[in-house]
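Look over the sequence and the structure below. A short briefing follows, grouped by topic.

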Amino acid sequence: MRPDSVELAEAAADWIGTYVHVPFCARICPYCDFNVVEGRDDYQAKFVTAVQAEIAAEPGWEPLDSVAFGGGTPSRLPPEALTEVLSAIRSRFGFKINTEISIEANPEDWSGAMAESLIRGGFNRVSFGAQSFDPGVLASLGRMHEPTDITRGVQSARRAGFRSISLDLMFGTPGESAESWHASVEQAVALEPDHLSLYALTVERGTALSRSITAGAPAPDEDDQADKYEMAQARLADAGYVRYEVSNFARPGHACRYNLLTWAQGEYLGFGPGAHGHRGTYRYRNIHRLDAYFQAVLEGRRPEQGREAQTRWEREQERLMLGLRRVAGVEAGCAGKALAKDDWGRRLFAAELLVWDGTRIVVDKPLMGSEVARAVLALASGDC
Amino acid sequence: MTSVSVRNFSIIAHIDHGKSTLADRMLERTGSISERNMRAQVLDSMDLERERGITIKAQAVRLDYHASDGSAVVLNLIDTPGHVDFSYEVSRSLAACEGAVLLVDAAQGVEAQTLANAYLAIEAGLEIIPVINKIDLPAADPDKVAAEIALILGVEADGVIRVSAKTGDGIEELLDRIVRDIPPPTSEGDELRALVFDSYYDSYRGVVCYVRVVDGVLAAGDTVRFSATAERHTAAEVGVLTPLAVPVAQLGPGEVGYLITGVKEIDRIRVGDTITHPGQAAVRPLPGYAEPRPMVYSGLFPSDGDDLERLREALEKLRMNDASLVFEPETSRALGFGFRCGFLGLLHMEIVRERLEREYNLDLVATAPSVAYRVTATDGSSFEIRSPQDLPDRGKIELLEEPYVRAMIIAPSEYTGTIMELVQTRRGSMDHMQYLSPERVELTYNLPLAEVVFDFFDHLKSRTRGYASLDYEPGEYRISDLVKVDILLNGQPVDAFSTITHNEKAYLYGKKMVERLRQLIPRQLFDVPIQAAIGTRVIARETVKARRKDVIAKCYGGDVSRKRKLLERQKEGKKRMKMVGSVEVPQDAFISALRVDTET
């Protein structure tokens with residue numbers, strides 16, 4: 001099915017999944033604001049035990065459509081440990097025939113043996129944090145791999161039999177030339193991955209990158225990032241990749257299920273420190289700190305740090321906020337109709353950021369999506 | 001009580017030349033206030049005055065002095081403001097005096113304001129007692145300063161008294177000279193004539209008038225008549241200021257004190273008015289003085305539109321003690337509702353703004369100061385405009401005139417060249433030049449007021465390392481080649497930035513404003529031209545390019561709540577934007593663009 005099809009986008013609303021957060025990293029990247037720890041590999045065994053306990057404590061559910069291991073760096077864990085955790089999930093919830101079981105990996109951790117071990121354990125999708133094929137850019141992003149690690153990684157994953165292989169690329173790093181980005185895109189395309197995620201380098205609060213910019217280092221440039229995005233989009237379309245969300249491109253049949261599920265407000269459970277989950281009308285998050293997380297789980301408590309219940313209207317706003325990230329857009333519904341009548345919303349339609357065909361609303365300028373999201377969140381609660 | 005024992009005097013001094021300290025010392029020497037209870041610089045009672053080291057409101061203090069010859073004398077010290085903006089307050093203080101102490105810093109020498117005020121005093125027929133202060137300073141050069149004073153006043157240099165208000169040196173001699181040289185008040189008759197030389201609003205007592213009795217007696221309980229308004233009131237309380245208010249039974253001829261009638265509205269009392277007893281036949285009013293005329297206008301707008309009422313109330317309260325402050329409602333498309341306010345000068349404007357912000361806790365936006373222009377229209381009518389918005393279309397203007405001032409600058413003579421340069425860039429021309437000493441020169445120029453009110457004084461100070469002093473007085477209106485420059489945002493004029501300026505300076509203003517706004521206005525969904533135009537002719541242009549990327553790159557399961565919060569925060573920021581046509585402008589962009597000028 002085409003990654004950007006309306007049917008796929010809407011079907012994902014009924015999917016369910018789990019997310020496992022693996023916080024370990026060899027080194028924390030300067031732009032990263034996820035829940036990560038550096039140099040605590042001594043906690044890995046304890047982590048694997050705790051996550052399994054957390055999974056086991058969960059009441060049963062339906063068979064899952066999607067399982068995702070993210071981080072941090074899941075590939076910091078030995079494949080046996082990853083397989084153990086996956087087994088715990090399988091025995092607790094069960095899988096379907098086409099369940100997507102995805103893992104994020106850093107190219108420098110990857111090997112043929114690891115690939116085969118993960119395939120045996122049940123994983124069928126891998127997403128490499130490639131970021132760039134330019135050693136200079138990789139260095140300024142604080143990455144530890146060489147461009148050749150990416151190539152080797154993709155090849156061994158394919159040999160081992162991964163059904164979907166994805167590459168993450170990052171663009172707009174200060175100092176990255178247009179030529180460098182162009183070359184990265186070309187090399188990525190040459191490896192023929194099934195899926196590509198292109199992320200604009202973003203300065204998040206509290207990161208080392210943010211501090212260095214405050215101290216005078218150059219910041220990413222809006223126009224530079226826009227140029228690079230447009231260039232890559234054109235090249236990927238040429239190569240047969242279909243954009244199905246702001247940052248995500250796939251060949252037909254390879255849209256990421258976990259992604260589709262979250263944008264469609266599907267339900268998922270989060271395991272591991274700092275993991276987020278979404279059940280029914282609330283979203284929750286786990287305890288961030290490793291030791292506090294361990295303590296809670298080992299004492300038999302849910303390691304939940306907090307949750308927020310959502311009103312119908314908040315869920316409706318969120319439906320648009322998330323759904324409009326997709327090329328398939330959203331059914332107008334209550335909030336969509338309110339947006340079309342609202343002053344701010346009308347300006348966005350007038351500027352052709354938003355298009356409405358009578359039933360569905362889509363964002364026509366994906367790079368301006370936040371303007372749309374803010375307008376949606378600014379809507380007064382309607383009669384939904 | 002006879003008037004023989006009274007002396008009424010002012011002290012004329014430049015800022016920081018030690019007037020307040022001298023006044024404190026006099027209070028102390030005459031035992032009017034005990035040293036222990038003395039708050040330093042009693043006369044400067046407003047916090048702002050203390051901070052800025054200037055005196056804004058005239059005040060009066062009564063000193064009971066036993067002269068060295070044993071005679072008892074009442075000395076009334078009537079305070080005067082020391083800044084150029086307040087010369088009308090100086091003139092009304094002087095009207096209540098027979099003499100003035102001209103106080104000059106022994107290290108700084110004579111400054112322009114001192115000289116201007118000294119001339120006012122001489123014109124008013126006052127006896128001048130020249131005094132050099134701060135003789136204790138290492139940098140003091142009293143001989144040189146005495147020579148300057150002698151040259152200016154045409155007196156003997158050795159007649160100049162030398163004091164140190166700080167140490168108290170020479171204070172006795174000065175007090176004796178005040179008694180000896182300043183003539184006692186004279187009286188023309190027994191029928192009451194008293195001059196209201198100042199007033200202020202007290203929230204408990206209502207309007208308090210400072211009065212100088214010229215003829216007759218003003219007693220508590222009297223029914224008094226205010227000539228200008230023909231209103232009658234009862235003198236509920238009369239008293240003297242020591243400096244604390246002390247009620248007395250009556251004030252005799254020549255005496256200075258206060259009068260409380262219970263009137264609550266300050267506008268019902270005219271400063272400069274003559275008070276009499278009702279029924280007196282054909283009273284000749286005392287010479288009043290010119291009504292203060294605002295010279296500088298600026299729009300004041302609350303940053304938060306909800307504060308409009310509070311701003312109105314605050315302005316009304318300030319006006320109770322400051323008749324020179326005028327204001328009327330003004331509407332700006334860019335800034336909302338506010339008030340067009342008239343001030344005596346830039347310092348007055350700053351003081352009012354600071355008081356509004358500090359005492360009334362208001363956050364304000366002030367538009368660029370403007371002067372009053374005189375328009376003669378093609379239909380023959382003529383009128384004054386105080387805001388660029390009021391200027392008719394060019395085609396309807398026959399003549400446009402702007403106010404000039406006579407500016408007096410005193411500076412070390414080595415800076416003459418750089419001052420001339422500055423004046424030339426401000427469209428000024430020299431009137432005359434006089435050496436006060438081989439090292440110091442007095443320069444007089446005719447300059448457009450609009451060029452002086454902006455930042456002339458700051459530039460003058462920086463070009464002369466702070467040594468130059470400036471005073472100016474209103475001059476005539478002159479025909480000028482003036483144009484109105486409008487700033488347009490996406491084709492829509494932004495009224496707050498319109499200005500009237502000389503044709504030759506229009507381009508610079510336009511260029512500066514469009515550049516500034518380009519940096520302050522965020523990128524929009526479309527290209528936004530920012531133009532400066534004279535009528536339909538565009539003289540400068542910048543473009544704010546359309547925004548191209550405003551999106552969250554990653555938004556997955558773990559991020560949904562976080563990203564939503566981020567967007568909610570950004571949304572709040574957007575709500576504070578003002579729409580000018582279809583352009584979203586941050587509230588503070590206009591504020592920042594306008595503030596740069598008042599800060600430099």
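Is Arg340(B) buried or exposed? Arg340(B) is buried, because its relative accessible area is 7%; buried means under 20% relative accessible area, exposed over 50% and partly exposed in between, with a 1.4 Å probe and protein chains only.

This is a predicted model, in which local features need pLDDT of at least 70 and side-chain atom pairs count only at pLDDT 80 or more, while totals for chains, interfaces and linings use all residues. Residues are numbered from 1 along each chain as its sequence is written, chains are lettered from A and ligands numbered from 1 in the order in which they are written, and side-chain values use heavy atoms, with hydrogens and water left out.

**Salt bridges**

- A search of the whole structure finds 68 salt bridges over all chains; each is a side-chain nitrogen of Lys or Arg within 4 Å of a carboxyl oxygen of Asp or Glu.
- Arg340(B) meets Glu330(B) in a salt bridge of 3.7 Å, N to O.
- This pair links strand S19 (residues 336–343) of chain B, which holds Arg340(B), to strand S18 (residues 326–332) of chain B, which holds Glu330(B); strands (E, at least two residues) and helices (H or I, at least four) are DSSP runs, numbered from the N terminus.
- Glu330(B) counts as buried, at 12% relative accessibility.
- Asp550(B) and Arg374(A) form a salt bridge of 2.3 Å, N to O.
- That pair crosses between chains, and Arg374(A) lies in helix H15 (residues 369–377) of chain A.
- Both Asp550(B) and Arg374(A) are buried.

**Helix H9 of chain A**

- Helix H9 (residues 222–238) of chain A has 17 residues and reaches 25 Å from its first C-alpha to its last.
- Gln225(A), Ala226(A), Lys228(A), Tyr229(A), Ala232(A) and Leu236(A) are buried in H9(A).
- These buried residues fall within an arc of 165 degrees seen down the axis of H9(A), so they line one face of the helix; the arc is that of the directions from the helix axis to the C-beta atoms.
- H9(A) is followed by Gly240(A), which has a positive phi near 95 degrees.

**Around Ser156 of chain A**

- Ser156(A) lies in helix H6 (residues 147–160) of chain A, and Ser156(A) is buried, with a relative accessible area of 7%.
- The side chains of Ser156(A) and Trp110(A) are joined by a polar contact of 3.0 Å; a polar contact is a pair of N or O atoms within 3.5 Å, where within protein one must be able to donate a hydrogen and the other to accept it, and residues adjacent in sequence count only if both atoms are side-chain atoms.

Methods. The expected span of a helix is 1.5 Å times one less than its number of residues.
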